[in-house]
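Q: Please walk me through this model, one feature at a time. I would like the rule for each feature, then the case at hand.

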Amino acid sequence: MFGFRNILLSISLLSSFLVLSQQKLTNKELKAKIADNSKLYKINIDKAYRELNGLLKQSAILKDSISEMKILDRKCRYFYSKNMMDSLIITSEKLQKKSNVYQDIYFEAMSNIYLAEIYSINKFPDKAISYLNSAYEILKKGNPESERIFYAKANVLSSFANIYLDKNQPRKAAKKIYEQIESGKQLKNNLERDNFQYLNYANLANIYSQYNSDSAYHYAKKSILIKPKDVVDDKSMIDNYSVIGKVYKEKKNYKSSIKNFHKALYISTKNGTNLNANQIYHSLKEIYDILKIKDSADFYKNKIEQYELKALKSKYNSLQEVINKDKKEQKEEQNSFWYWMIPAFALIGVAFFIAKRKNKKVDIETEIETKPEINLSETYHDLIELLEKRDPAFMFAFEKVFPDFSVNLLTKNAELQQSEIEFCALLKLKLTTKEIAKISFIETRTVQNKKYRIRKKLDIPQNVDIYHWIDQV
């Protein structure tokens, strides 16, 4: 459910350092603090993040627009690295507004890239691509010789690769990273070029790990070899060790596999980046299950549940934000559209009326598509068993059977809470009021009240069976 994502933000961070050294801030103290925070971010992103709100307030007081956008960008990278998509969309929009006001091409493009990532993760690839196209158009206005523009364009390519991965098209994703590798040849500084390609090879290794283990291993090793000595182990190195661990796992060399996965987790814990940690947890659990080491298998099972519960909550919240944002944009587009198009439609209507009188009526046959029912015979028992055990894995199992359920509900009312979506899932399984009360350890009256609130929130008419209505979602 929560797959790995390609490295996007490390390149953004590198460009941020370059920008930092080039900008002359109005306050020396603020400049020094932001510089120190940049260094700290490379070592431990959690400690660095705790300083950002204070720095953001100082930059606002000093009316330092560059510092303000830089800190917002850093917050975006933090939320991305922590898989906190709900916080990322809010901060991305703030960065988008600020960069638009201050007319900063780099940060405006980056805000569009972050938004593209959020839409892609929430399974809106077309919308994600539109944001990336906007980012690219914005960057075309900038100086092609600028390092900021170069790194921003590289991020566009990385984000395109992520979208292709989300669409399960790894070969297209790899093509984008090869374009990025080719673009790196224009970097004149050898250290910069090595650092840039170190990130790209790690990306490529990650992509190849989905369909070609030999190439995955090759590029992971290549990334490790080319990494500059003064660069602190980061997200790229986590991915390199993860890929090597996965390759050894496929070859049933479990000792080497565990060793590399643990190296990846060590860096993740030290640095604070845990974007793809869940993939490592799953792999280690599978290995320990094979080796019949129950304590270790159970340990990583708990890690998986903790990670996925947090990620699921973030997913629901970001879905709400995405859908609200989409509705707002559609409303704005419609208002603009009707302002210009009502007169045009009036003219078209007159012409159509005249033409219609000259022609015979044409009968149009319409087909009513009925939504096929999903056969729950093989999964219903397992879902109920998870419910009875109050197992947090219930919603993950449910969403595998009904992958669009939560999205469709939130489309109807973006204000639904996670607990309300989970209650609707019980109705989808056609559990009676008494059954829900028994499984949830609540009174039947409480269940009836919840049904009433759901009816009201989803605008379900009183004469419509709530189970039938939910079943159509």
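Q: How many cavities of 30 Å³ or more does the structure hold?

A: Begin with the ground rules. This is a predicted model, so local features need pLDDT of at least 70 and side-chain atom pairs count only at pLDDT 80 or more, while totals for chains, interfaces and linings use all residues. Residues are numbered from 1 along each chain as its sequence is written, and side-chain values use heavy atoms, with hydrogens and water left out.
Now the general idea. Rolling a probe the size of a water molecule over the atoms shows where empty space is left. A cavity is a set of points, on a 1 Å grid over the protein atoms alone, where a 1.4 Å probe fits but cannot get out. Grid points are joined across faces, edges and corners, and the volume is the space filled by probe spheres set on the points. The structure holds one cavity of 30 Å³ or more. The largest cavity has about 40 Å³ of space.

Q: Which residues line the largest cavity?

A: A lining residue has an atom within 4 Å of a point. The lining consists of K235, I238, D239, S268, T273, N274, L275, N276, A277 and I280. Two elements give two or more residues each to this lining: α12 (235–250) and α14. Helices here are DSSP runs (H or I, at least four residues), numbered from the N terminus. The most comes from α12, with three residues.

Q: Which residue forms a salt bridge with K235?

A: The rule: a salt bridge is a side-chain nitrogen of Lys or Arg within 4 Å of a carboxyl oxygen of Asp or Glu. K235 pairs with D239, and their closest N and O atoms are 2.4 Å apart. The two are separated by about one helical turn, because they sit four residues apart in helix α12.

Q: How many salt bridges does the count give?

A: The count comes to 16. One of them joins K249 and E286, with the closest N and O atoms 2.8 Å apart. K249 lies in helix α12 and E286 in helix α14, so this pair ties together parts that are 37 residues apart in sequence. E286 is partly exposed, with 39% relative accessibility.

Q: Which residue forms a salt bridge with D298?

A: K294 does, with the closest N and O atoms 2.7 Å apart. Both lie in helix α15 (residues 294–358), four residues apart, about one turn of the helix. D298 is partly exposed at 31%, and K294 is exposed at 58%. Elsewhere, salt bridges that share partners join K428, K430 and D471 into one network.

Q: Where is A311, and is A311 buried or exposed?

A: A311 is placed in helix α15. At 6% relative accessibility, A311 is buried. The C-alpha atoms of A311 and N278 are 9.9 Å apart, and 33 residues separate the two along the chain.

Q: Which residues form a nonpolar patch on the surface?

A: Patch residues have over 30% relative accessible area and no salt bridge; nonpolar side chains (Val, Leu, Ile, Met, Phe, Trp, Tyr) are joined within 5 Å, like charges within 9 Å. Accessible areas come from the Shrake-Rupley method with a 1.4 Å probe, and for residues only the protein chains shown count as cover. Here I290, L291 and I293 form the patch, with about 230 Å² of accessible area together. I290 belongs to helix α14 (residues 277–290). I290 is partly exposed, at 46%.

Q: How many disulfides does the count give?

A: A disulfide is a pair of cysteine sulfur atoms within 2.5 Å. The count is zero. C76 is buried at 0% relative accessible area, and C424 is buried at 0%.

Q: What is the phi of K123?

A: Phi of K123 is near 65°, a positive value in a residue other than glycine. K123 sits in the loop between α6 (105–121) and α7 (125–139). K123 is exposed, at 56%. For D459, phi is near 55°, again positive in a residue other than glycine. D459 is in the loop between α21 (444–458) and α22 (466–471). D459 is exposed, at 67%.

Definitions and conventions. Buried means under 20% relative accessible area, exposed over 50%, partly exposed in between (1.4 Å probe, protein chains only). On a 1 Å grid over the protein atoms alone, a cavity is a set of points where a 1.4 Å probe fits but cannot get out, and a pocket is an open set with protein on both sides within 12 Å along at least five of seven lines; lining residues have an atom within 4 Å of a point.
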